[in-house]
Each structure stands twice: as structure tokens, then as C-alpha cells.
Amino acid sequence: MITTDTTLELLKTHFGYRTFRPNQEQIVNDIINGNDVLTIMPTGGGKSVCFQLPALALPGTAIVISPLIALMKDQVDALLTNGISAAYYNSSQEVSVQNDILKQLQDGDLKLIYVAPESLQNLSQYFSEIEISLIAVDEAHCISSWGHDFRPAYTQLGYLKKQFPNKPIAAFTATADGATQQDIITQLNILDAKVHLSSFDRENLYLEVRPGNDRINQIIRFLKTRPDESGIIYCLSRKSTQEVTAKLKKSGFKAKAYHAGLSADQRNSIQESFINDVTPIIVATIAFGMGIDKSNVRWVIHYNMPKNIEGYYQEIGRGGRDGLPAYNILFYSYADVVQLRRFTENASNADYQIAKLNRMQQFAEALSCRRIALLNYFGEHHTENCNNCDVCKSPPRYFDGTILTKKVCSAVYRLKEQESTGMVIDVLRGAQNAQVMGKGYQNIKTYGILHDMSWLDLQQYIIQMLNQGILEIRFHENGRLVLTPLANAILFDDRPVRLATPRKQVQATKSDR
Ligand code: ADP
Ligand code: ZN
């Protein structure tokens, strides 16, 4: 039986760390004692040590299943630097290299072998002939079609428990809600797995949401206050990564676009130049980031809203890995929500994806501490305001919004529930543009009754009304705004409405100047 002293000793001598991070020690002990485990630990939390250390402590070779070649290579390089014998095996290697690795494997010379799930079958025969210490499944959420990075080859991993019934299987992920966790456990056949859920709280990450108008100029103003810092801007489409990059370059920033449409060589060289601080700014689709271990990313900007909170969390988690403050800005606009909804339309699990999207949207619109909202989502219940998010920094003020809401609802009513949010706002503000005049809306009764309110404030109030279930958007019918039964109760039964003073707007203006 291996004692705590010796695991701590191994941690010091082989990895150079003085103490375990939260949960690492328990996970290491569970694995060494032969238990299956499922670990949910945020990115940067220190998952690798949890299986690398038991691999050293136990006799035999550890099989590590990892989805990305770049990720494997980095980890193996790091292990070799620490004097630990390890190798990776995948289909991109030359046969001579593969044979060399197989030889080392057969000779029992490897403490760890990293394998892509697709290559696992090729090695199955070899594994049956040697002593296996444990099996680690990295990025285990890839096994679940509920998850957002589904990898079909992962679904074959269930046979591992059958082939090695007495060896511990340790699954790791940085992102898994309850359903995904259950899916991982069932599919890997590790029903008795000990589950370790680490705190998702990253106190050094400042969280802010801003309205998505005039994003590029907001970004340029932000970047001017942070010269030479490294950061990532996430966009929804390849096209916008290129457009944003071009605009930033024009303003004198060193930025590069990154997306799945580039060749592997191009992508590698961009990654390298980011990691080596040659290119401080990467404008990327979500293709960028998995497996990139860069400690000094000082900010992450979401040019578009991510499609779920898991993605958002994972992406902001790439900032501040060194523990120093990192700044996160999420730009939020209704147009993005509409587009993200369209993306889900043909998906087999569209309802599920839409539910996730709705949660993301609620987060973006939160009028209470964002960190509490985020941690709640991951099942961690905190009550203390964080004081490191935009809402905590400038809490909303509430007022009796009944009259304002009535004005908006009656405009929607008079527009026969046929018009989008933008048109409703234009009509209420008495806009004199061609669309309004063309339809003769200047003649309806509510035209211009909110002429002294800014467009963005009004949009903000309407979002609150949507959130409170007073109005609804028909996404499939040109985004027309319609009334709900609650709206009728407000219009006709004087039901009161509480609204918050638009805060995000104030915040954005303040920090922009
Ligand atoms: P994850 O896989 O969870 O994203 P990693 O295993 O890559 O995290 O670890 C993230 C960082 O934390 C790495 O730079 C690693 O060297 C460091 N780290 C891990 N465990 C410890 C520890 N016990 N003490 C100090 N640093 C650690
Ligand atoms: Zn907060």
C-alpha cells in the first residue's frame, strides 16, 4: 500500500511541485487503490498529474486516451523532460516510429503510452500481452453525444472495462453537466466510479458582458488600454475572424486569424507564434485553444455569444492560468441568439441545444452576480457576491417599470405582433426612416411615445421584458415580437412590473473611455 508520504515524494521528485492542488491527492489515492474515478476539474486545474503520478507509482504501463495529437505530444514532451518514460502512438506517425514505440511497449519500457481513441484497436493485442497499470481517458466528455465535442471513436471505449476488469479506469474532463457525467460513467462501464468535482471558481477571472453594438470599436478602445498583453477573441464564423483581424491590423495591432479552414501547418505556426508571444492577439473560432497551455493570456473576448455555458467557461478559462488577473468580455446581441438558434435547427438534439442556449442567454442578461450564476450552473452553490464581475461592480437599480412596459406592449399590440424588436423600438422612438414611414407607422397611436429614450436602453428594457416572460420572440417568423398572457395582465389588469436601470450600457461607456 502506498502512503501519502510516498505520493508527495513522487510529486516533488518527478514533477517538482511542493504540494498537491485541491482534489489531486484524493484522486491519486483512489486510482492507486484500484478505484475507477471520474474527475471534473476545470481547465488548468491540474488533471494530468492525477493520472501521471499513479502511473509512476503502480507497476506496468498506463494507457492514456487523448483526443488531440498536439495535446499528446505536449504531455509526452513534458514527461520526457521530467525523466519519465512515455510515448504517444497515432496514425500520423511513420511506420518505423510506430514500430519503435511498439517495441518499447512490449519490453515494458514505457510508464505511459498516449493513444488516440481511433488507434486503440490496433494496440489491443499488445496491451493484452503486457502489464497495464491504469487507463486514463482524457477529455472524457467526448464520449457523450450530449457533450459539445462528441468524438464517435470514444464510444468504443466501453470495452476497456471488459478487457481490463481489474484495472482502474480514470476519466477526466473539464466540462460535464450532470447528464454528461452520467453518460460517461455508463458508457465506460465504471458504475462504481468515485466522482471528484473540483471547484469551478476562478477568482482571478473578471467577468463582464457588454451589449454587442459597435463591437470592433469597443475592442479597439479596450486593447489600447492593454498594450502588449496576450489575448484571444472568439468569433462565431471563419469570416468574422478574418474581418476582425483585418480591422485590428488596420488599427496597428498584431493579430492573426485562426480557424479550421487553415492547413495544419498554418494552424501550428499561428499557435506557436501565440505561445511564444510573437503574435499577442488571436482572433479565432472555437477551433482554437484545446490543449494550448499558455499561462499569460490576460484577456478573452467573445465577439459573439457562445452557444452554451460549458463553451464559454472553457474559453474564458484559457485566461489567467498563472493565477494573475485576466479580463473577460462577452459581447451580447439578439442577432447572435437568432443565428445560434438557426444553427441548432437541423440537429437531432435541437431541444437540448436550445435549452443550453437559453441558459447562456440568461447568464448574459443576469442582473445579479455573474460568478454566482456561472457556478450555480455547474452545481456549485455560492451565495457571496464575487466583487469581480460587472454586476457586482455596478449593481442594477430597480424602478417601477409598469408604465414603460405598458407603452412597449401597446406598441407591439398596435403593430399587430408582426414586427421585430428593431422596428418596435424605431416606432416607439419615433424614427423617421424609410421602413417606418413606408408602412405608415407614423400614424399609429404609440409612435414616438418614447422619443427621449436611447435605442440601446430601450432594447435593454425589451430584453428584460422577454426574460420576464412578458414578450416573446417568434424566432422562426422573422423574429416578430408577440405578447404573452402576462402582457395582457399588465396591459389590462394593472399588474406591476419591476425593471432594472440598464447597467451594462453604463459600464461599457465608463470603461471604454
Ligand atoms: P488541466 O489538464 O487540468 O488543464 P494541467 O494538468 O495541464 O491542467 O495543469 C495545469 C498547470 O498546473 C500546469 O502548468 C501544471 O504544471 C500545473 N500544476 C499541476 N499540478 C500542480 C501542483 N500540484 N502544484 C503546482 N502546479 C501544478
Ligand atoms: Zn459578481
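Me: What makes helix H4 a helix that lies across S3 and S4, and at what angle does H4 run to S3?

Reply: In this predicted model, helix H4 (residues 69-81) lies across S3 and S4. Contact requires C-beta atoms within 7 Å. The direction of H4 runs at about 165° to S3.

Me: Why are strand S3 and strand S7 called edge strands?

Reply: The open sheet has seven strands in the order S3-S4-S2-S5-S6-S1-S7, with parallel pairing. Strand S3 (86-89) and strand S7 (194-197) each pair on one side only, and they are the edge strands. From one strand to the next, the twist averages 15°.

Me: How do you know that strand S1 pairs with S7?

Reply: Strand S1 (residues 37-40) is joined to S7 by four bridges, and the two run parallel. Pairing needs at least two bridges, so the pair qualifies. As one example, leucine 38 has valine 195 in S7 as its bridge partner.

Me: Which strands does H3 touch when it packs on the sheet?

Reply: H3 touches S1, strand S2 (61-65), strand S4 (112-115), strand S5 (132-137) and strand S6 (169-173). The direction of H3 makes about 170° with that of S5.

Me: How do the residues of the shell around ligand 1 divide into nonpolar, polar and charged?

Reply: The shell holds four nonpolar, six polar and three charged residues. Among the closest residues are Gly45 and Gly46; Gly counts as polar.

Me: Which members of the largest nonpolar core touch the most other members?

Reply: The core has 56 residues, and Val64, Ile113, Ala136 and Val137 touch the most other members. H3 supplies the largest share of this core, six residues. Beyond its neighbours within four places in sequence, valine 64 is in contact with Phe51, Leu112, Ile113, Tyr114, Val115, Ala136 and Asp138.

Me: How many of the residues of the protein chain count as buried?

Reply: Of the 513 residues, 43% count as buried.

Methods:
Residues numbered from 1 in each chain as written. Chains lettered and ligands numbered in written order. Predicted model: local features only at pLDDT ≥ 70, side-chain atom pairs only at ≥ 80, totals over all residues. Buried ≥ 20, exposed ≤ 12 C-beta atoms within 10 Å, placed from the backbone. Near = placed C-beta within 6 Å. Axes fitted to C-alpha atoms, helices over the stretch in contact; angles between N-to-C directions. Contact = placed C-beta atoms within 7 Å. Core = buried A, V, L, I, M, F, W, Y, C linked by C-beta atoms within 7 Å.
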